[in-house]
Amino acid sequence: MHLSDRIESLPPYLFAQISKIIAKKKEEGVDVISLGIGDPDIPTPQHIINKLIDSAKNPINHRYPESEGLPEFRQAVASYYKDRHNVELNFEEEVTSLIGSKEAIINFSLCVINPGDYALVTDPGYPVYEIGTMLAGGQSYKLPLTAENDWLPDLDSIPDDIIAKSKILWINYPNNPIGAIANDDFYNKVIEWGIQHEIIIAHDLAYSEVTYDGYIAPSILEYPNAREICIELNSLSKSFNMTGWRIAMAVGNKELVQALRTIKSNIDSGAPQAIQEMAIEALTGTRDDIVEHNKIYQLRRDKVVHSLENLGLTVHKPKASLYVWAKIPDGEESSSAFVSKIIDETGVVLTPGNGYGEHGEGYIRVSLTTPDDQLDDALNRLNDYIK
Ligand SMILES: Cc1ncc(COP(=O)(O)O)c(C=O)c1O
């Protein structure tokens, strides 16, 4: 049997590896607490679940959905963008449904990348941008994110020959894994830069509603001329505690949205309609749940930042996202070695920063999606061990 070169060249998926380590430790009888994966522990709000229960009973929803999504779902996305971002979207042409934004990163790469083309991806960054590029036969050019540059890519540092070969720049603010945010100057600059070089700007807004200290995350479409060159992926996963339901949307430039619809209609058969109806309830219903969830995450953020700083780590205190990014203590050999040692000695699972790219080396990511009693236990264990 011979599988494709593509399969051979795929690295093991970071979180599948972490899940394996957790399973192995549990088998060995270790009392594991995972601060590794960003998967909200707080349930989906009840009014959204109730909508799903009703929708599941309707036989119309038992049949194939349209890949682009129900018109009602796309209208709900448009009305959410109007209320939340003051952005007008034409639901017929500028919105499409997704089965989570992860698939769309891969599928959109297939829309844009020809073999040999380049995609510009940030390092550290969510690994799927690079994987999508690879599956499409392209190459990734890494843009380092550093504290000195406020965790923003330095567009002026990209060599001309790379710009000439590049088709797309992936950006993600609020950012995973760093929790960094981007300012207005950056959004304005990146849009003009994309237009000037004819490089598509794909903005991944997966953490749009998970924000702290009064910060409100913008859509890239709020900025002038964005619709000329931008597509935005937005997901209900983290914003509404809906990772398990797999529903998201792509919005923006109509040619790009249409390209994604074309690829997707050949690959999948759309998000289940009952789930789309559930998403309509989430997007158009009360925002009170979001406020409550963010209070919980913010308290956890404060606890984690405080504990890690007490232990002598240099910590980035995020204004958004579900992650705290911190430098490993001086004298530690590497992120992976530090994380392995912490699992062995304490049973606490952290994510090694180098899992997000070589510029993540020397850092760890702590996720805020663990229930408070377990989080407290984990922080006490870290405290006892490091001290
Ligand atoms: C930056 C980023 N984009 C996209 C996703 C995928 O989200 P989903 O497929 O659940 O919409 C994640 C999930 O962790 C993420 O961190």
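The largest pocket of this predicted model is lined by 23 residues, of which Gly38, Tyr126, Tyr207, Lys238 and Thr243 lie nearest its centre; a pocket is here an open set of points on a 1 Å grid over the protein atoms alone, where a 1.4 Å probe fits, with protein on both sides within 12 Å along at least five of seven lines, and lining residues have an atom within 4 Å of a point. Helix 5 and helix 9 are the elements that give two or more residues to this lining, and helix 5 gives the most, with 3 residues (helices are DSSP runs of H or I, at least four residues, numbered from the N terminus). Residues are numbered from 1 along each chain as its sequence is written. Local features need pLDDT of at least 70 and side-chain atom pairs pLDDT 80 or more, while totals for chains, interfaces and linings use all residues, and side-chain values use heavy atoms, with hydrogens and water left out.

The space of the largest pocket is taken by the ligand, which 14 residues surround, the closest being Asp204, Tyr207, Ser235, Ser237 and Arg246 (a residue counts if one of its heavy atoms lies within 4 Å). Polar contacts, pairs of N or O atoms within 3.5 Å, include one of 2.5 Å between a polar side-chain atom of Asp204 and a nitrogen atom of the ligand. An oxygen atom of the ligand lies 2.7 Å from a polar backbone atom of Ser101, and an oxygen atom of the ligand is 2.8 Å from an N or O atom in the side chain of Lys238.

Technical notes: Polar contact = N/O pair within 3.5 Å; in protein donor to acceptor, adjacent residues only side chain to side chain. Sits in = over half its atoms within 2 Å of the grid points.
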